[in-house]
Amino acid sequence: MLETKSINNTSKISSFLPSERFSVAPMVDVTDSIFRRMARMLCSQAMLYTEMIACEALVHEKFHLINFKDEELPCTLQLGGSDPNKLAFATKVGVERGYSAINLNAGCPSDKVQSGNFGAVLMKTPKLIGQCFAAMQEAAGDVPVSVKTRIGVDELDSEEFTFELMGAIYDAGCRHIIIHARKAWLNGLSPKENRTIPPLDYERVYKIKEHFKDLKVTINGGITTIEQCKEQLAKVDGVMLGRAIIDDPFLLTQVDEQIFSLPKEQCRSLTREQIVEQMVILGEQIQKEGRAIHFLYRHLLGLFNGCPNSRIFRRYMSENMNQKDASPMVLMHAYQAMLRGSLY
Ligand SMILES: Cc1cc2nc3c(=O)[nH]c(=O)nc-3n(C[C@H](O)[C@H](O)[C@H](O)COP(=O)(O)O)c2cc1C
């Protein structure tokens, strides 16, 4: 098995924030600022990730892309790129803006990302990931930088390769790696297929955790329940959930108590009815800020998943929230339709 070299004296070592015990995954077109404001109302402790932001965009001064509200914190800015200098610049901007942590995307397989030579392609050059990390951590100072990656890419999928990949990141000083427990197939599979077809291999992730003793490992991929989170947390340091939160945002209401063991009175354990009331208020704020309410309500379509008549709720929402001048009360009306058991 690969030996870990001691890192050189100039490398900065990263750290791990307590909120990383449970995190909501970076998801393009999903985890925008409005999503994060919604998620934060359901859970005070979880780390929320931004969508991936190309470092190039920040180099070109598109700073509005990383605007956020303080209430979203703790929040990690995820960056995409492969040029250590540009990533360092973008990291500095993120840190100055007040993000809690910065993350490098070295696992996302979309075509756009591949043509930019970052995301999953980076796994083919583990040393470059290490260089990117080192430059970012140097720029970040005491703010932690982590790397999100997979266990392999294309034919580079052996256990030896996974160790080589994680070893290169570790040797650069990184002490928090988020591992999506499957490989990426860059040719032939769509990004969506790349999240389902390559099989999950949690054991590979546990072996990494066992070998690199002081490395904090967050496991990602296919986790859907609080019970599964607890089982994983017996073996690794953090869990990251993506699609499960889109499908069932209500799951977040259990996280403060069940994952962070917060005293009951401090937990944001709202009922679904309270969530509807709170989200109408947030919807009003968002409208005042000049955004249409569907930018919020699209994240709530799964709120009643598993409840009787949830299909009526979804249908009412889908038919009404995109209307021009739709009112924030659409959510309340959808809820009432669900309770009645009929659309109108
Ligand atoms: C709609 C969508 C967008 C995503 N965008 C990103 C992204 O911007 N950066 C990233 O590292 N991963 C991205 N992912 C991958 C997720 O972060 C996560 O690794 C993956 O969905 C597996 O976790 P899950 O099984 O809990 O969903 C995306 C996933 C989805 C479903």
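This is a predicted model: local features need pLDDT of at least 70, side-chain atom pairs count only at pLDDT 80 or more; totals for chains, interfaces and linings use all residues.
**Entry 1: layout**

For the contact between them I get 16 residues from domain 1 and 17 residues from domain 2.

**Entry 2: the domain interface**

How much area do domain 1 and domain 2 bury between them? I get about 1400 Å², with 64% of it on carbon and sulfur atoms. I looked at area here because the size of an interface is often given as the accessible area lost when the parts come together.

The rule finds three salt bridges across the interface of domain 1 and domain 2. As for polar contacts, I have six residue pairs across the interface of domain 1 and domain 2, both partners at pLDDT 80 or more.

**Entry 3: the ligand**

Over to the ligand. Which residues are closest to the ligand? My list of the closest reads Gln 78, Asn 220, Gly 222, Gly 242 and Arg 243, out of 16 residues that surround the ligand. I sorted the shell by type and got six nonpolar, seven polar and three charged residues.

Then I went after individual atom pairs. Gln 78 puts a polar side-chain atom 2.8 Å from a nitrogen atom of the ligand. With Pro 26 the backbone is involved: one of its N or O atoms lies 2.8 Å from a ligand oxygen. Met 52 also uses a backbone N or O atom, which lies 3.3 Å from an oxygen atom of the ligand.

Taken alone, the ligand exposes 610 Å², and the protein buries 91% of that.

Terms used. Residues are numbered from 1 along each chain as its sequence is written. Side-chain values use heavy atoms; hydrogens and water are left out. A residue is near a molecule or strand if one of its heavy atoms lies within 4 Å of it. A polar contact is a pair of N or O atoms within 3.5 Å; within protein, one must be able to donate a hydrogen and the other to accept it, and residues adjacent in sequence count only if both atoms are side-chain atoms. Accessible areas come from the Shrake-Rupley method with a 1.4 Å probe; for residues, only the protein chains shown count as cover. Ala, Val, Leu, Ile, Met, Phe, Trp, Tyr, Cys and Pro count as nonpolar, Asp, Glu, Lys and Arg as charged, and the others, Gly among them, as polar. Contact means heavy atoms within 4.5 Å. Buried area is the accessible area (1.4 Å probe) that two parts lose on being put together, summed over both. A salt bridge is a side-chain nitrogen of Lys or Arg within 4 Å of a carboxyl oxygen of Asp or Glu.
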